[in-house]
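Please open the model in your viewer and keep the selection tool at hand. The stops below follow one another as a short tour.

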Amino acid sequence: MPASRSVPSVSARMQATGTTVFGFTYLGIFFLAPGDLDRYFALTGHWWRSLGIAVVLASALAVVAVGVTRRIDRLEPVAVGCALAFLALIAAWFAGWDGHVGQVPANGFDHGIVFIPQIASCLLVLCGRLGFAVANLVVAGGLSLLVASIASGGVAWVDLAAGLWVLALAGIYLGICWAVMSAAHRFDEQRQEAAARAVALLRSNVRDAERRRIDAMVHDRLIALLTALRPGPLSVGFRQNISGVLDELANWSTEVEPGAERIRATEFLQRLRLSVDDLGSGVEVEAVVSAPPGTEFPAAAADTVIEAVGEAVRNFHRHAGPEASGAVLCGVGPDRISAVVVDDGVGFDPEAIPAHRIGVALGILERMRQLDGGTSRVVSAPGAGTRVELGWADPGADR
């Protein structure tokens, strides 16, 4: 069975999107302002022109490649490399400067060159290097303003104030990037904590289910058989019943093996019922089993279905209304699992769910989509209740 893909974190998606945007912005600065760049080229030797084109293009294309391919693991080295490469380039301008100053342009002092170190600093913020980002903006941005003043034929104090204002404005963009990434990281941490709590609760439920099962075997079957014991030879049926109970006791385990790859169908149903019961009353669980005894399912598939059912039941308790009733209908076949969560509550319009409400989208639909062989569908309308259909079929089974 192919390994199921993991859902990318919110912070990773934000990094990939931001990197792509900044990469194309980097390219845009180079291609849309060739006249402004010529102003700096004109005061140096030809070698700096070639070096400048190579550094800017290579940096921009590397950033675009990281964003488009979503290889966020390469973001930090690329961001650091872009920052250092441009800092070295702008410092090398003074080595190549011919000692002349540029002509005062008609449109005044040009601040455009400051945007290049600003982009590199924003990339550094995306990968969590805030201190490096601020230092790069101050040093590389300050040198860029100095080069711009020389290329513009000198600056008045008004131009200098404007240049410092541009740097301050760039710092605001860094703050916005930092705030967005901090919020994304907090969301990811909360989601991981919620998942860890769910796993801990599930393991606790499994242990409770096994204890209940052993209690039932001892009290309802073993003690009942011993009470029915009479002097004289034991019948064949009595011996078989006693042997069956003793075999179950011998093979009983209080814990699911850590990292177990498969679980029994009966254990899946126990865990499903306990999970639904723990979420509150008012939801009945009915199961139709057509699988032969001893049927096992992949643990990942069983866990995913249980978690998706749990999310649907939680939504029922939160949103269906105080007078609503609900049920979980589960089907277990030899190589498939189906579960339908239905209620007669207030219902909703699935197309009108706000973007920030991720319970259905992430907790049910995306979770089942990531499961190899998983399917899901949510059917609802205002005033017509809700029906959540979940299914898993073994991709390797013969149809």
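Begin by selecting Glu267 and Arg271 in helix α9 (residues 265-278) of this predicted model: because the two are four residues apart in that helix, about one helical turn separates them. Their side chains meet in a salt bridge (3.5 Å, N to O), and with buried meaning under 20% relative accessible area, Glu267 at 7% counts as buried, as does Arg271 at 5%.

Next, select Glu307 and Arg367, whose side chains form a salt bridge (3.4 Å, N to O); this pair links helix α10 with helix α11 (residues 359-370), across 60 residues of sequence. Glu307 is partly exposed at 27% relative accessibility, and Arg367 is partly exposed with a relative accessible area of 27%.

Now display helix α10 (residues 299-319) whole: its 21 residues should span 30 Å at 1.5 Å a residue, and its end C-alpha atoms are 30 Å apart, which agrees. Just after α10, Gly321 has a positive phi of about 110°.

Move on to Glu76 and Arg129, which meet through their side chains in a salt bridge (2.5 Å, N to O); Glu76 lies in helix α4 and Arg129 in the loop between α5 and α6, so the pair ties together parts 53 residues apart in sequence.

Finally, colour the largest nonpolar core, which has 50 residues, with Phe22, Trp48 and Leu123 among those making the most contacts inside it; α4 gives the most to this core, with 11 residues. Selecting Leu123 shows that its contacts include Thr19, Phe22 and Val63.

Technical notes: Residues numbered from 1 in each chain as written. Predicted model: local features only at pLDDT ≥ 70, side-chain atom pairs only at ≥ 80, totals over all residues. Heavy atoms only, no water. Core = buried A, V, L, I, M, F, W, Y, C linked by side-chain atoms within 4.5 Å. Buried < 20%, exposed > 50% of the residue type's maximum accessible area, 1.4 Å probe, protein only. Contact = heavy atoms within 4.5 Å. Expected span 1.5 Å × (residues − 1). Salt bridge = Lys/Arg side-chain N within 4 Å of Asp/Glu carboxyl O. Lists of a residue's contacts leave out its neighbours within four places in sequence.
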